[in-house]
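Reader: I'd like a close look at a single part of this one, with the whole chain sketched in as background. Take your time and keep it connected, please.

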Amino acid sequence: MGAWPVLGFFGLDVLAIYWAFRINFRDAKATEEIRVTPSELRVRRVSHRGHVVEWVLNPLWVQLDQKCHAEFGIEKLYLVSKGRRVSIARFLGADERLALPKP
C-alpha cells in the first residue's frame with residue numbers, strides 16, 4: 001500500500017490548523033473597555049461581530065470578586081454591584097489579571 005494515505009491525513013491536519021487560526025483571529029477582534037470616573041464605572045464590551053454591550057455601575061458600591069484555582073491562579077474576575085455580576089478581563093492571562101488595579 002505504501003505511505004500515500006498519510007497525505008490525506010496530513011491534509012486534514014492542515015485544514016484543522018487553518019480552521020483553528022481562523023477562529024482565533026476572528027475572536028481577536030473582540031474588545032473590552034473599562035472606564036472609571038468619580039461618578040461611574042463603565043464596562044463596554046464589543047464582540048467580534050460588532051455587538052456592543054455596556055454596563056454602568058456606581059463605583060462606590062462595586063466589589064471585585066475573583067474565582068481562584070490553587071494551581072492556575074485567578075480564573076475569573078467579576079464586578080459585583082446590587083446583585084449583578086459582570087465578568088471582566090476574560091481575554092487576559094492569570095498573571096495579567098493579578099496585576100489589574102483593584103477598584
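What radius of gyration does the chain have, and what would a compact globule of 103 residues have? After that, please zoom in on R45: which strand is its place in, and which residues is R45 in contact with, leaving aside its neighbours within four places in sequence?

Author: Before anything else, this is a predicted model, where local features need pLDDT of at least 70 and side-chain atom pairs count only at pLDDT 80 or more, while totals for chains, interfaces and linings use all residues. Residues are numbered from 1 along each chain as its sequence is written, and side-chain values use heavy atoms, leaving out hydrogens and water.

Now, your number: the chain has a radius of gyration of 20 Å, whereas a compact globule of 103 residues would be near 13 Å (the radius is taken over C-alpha atoms, and the globule rule is 2.2 Å times the number of residues to the power 0.38). The C-alpha trace spans about 70 × 35 × 20 Å along its principal axes. Two helices and six strands make up the elements (DSSP runs numbered from the N terminus: helices are H or I with at least four residues, strands E with at least two). From the N terminus they run α-β-β-β-β-β-β-α.

On to R45. Its place is in strand β2, residues 41–46. With a relative accessible area of 12%, R45 is buried. Leaving aside neighbours within four places in sequence, R45 is in contact with T31, E32, H51, V52, V53, W55, V86, S87, I88 and R90.

One of those partners deserves a second look. E32 forms a salt bridge with R45, and the closest N and O atoms are 2.8 Å apart (the term means a side-chain nitrogen of Lys or Arg within 4 Å of a carboxyl oxygen of Asp or Glu). E32 lies in strand β1 (residues 31–36) and R45 in strand β2, so the pair ties together parts that are 13 residues apart in sequence. E32 counts as partly exposed at 23% relative accessibility, while R45, at 12%, counts as buried.

How does that sit among the charges in general? The whole structure has five salt bridges. Another one joins the side chains of E40 and R42, 2.8 Å from N to O. Here E40 is partly exposed at 24%, and R42 is partly exposed at 25%.

Then there's D65 with R85, whose side chains meet in a salt bridge at 3.0 Å, N to O. D65 lies in strand β4 (residues 63–69) and R85 in strand β6 (residues 84–88), so this pair ties together parts that are 20 residues apart in sequence. D65 counts as partly exposed at 30% relative accessibility, and R85 does too, at 47%. There's also a network: salt bridges that share partners join E40, R42 and E54.

Last, the overall charge count: the chain has 16 positive and 11 negative side chains, with the centres of the two sets 7 Å apart (Lys and Arg are positive, Asp and Glu negative, His and the chain ends not counted; each charge is placed at NZ of Lys, CZ of Arg, CG of Asp or CD of Glu).

Conventions:
Buried < 20%, exposed > 50% of the residue type's maximum accessible area, 1.4 Å probe, protein only. Contact = heavy atoms within 4.5 Å.
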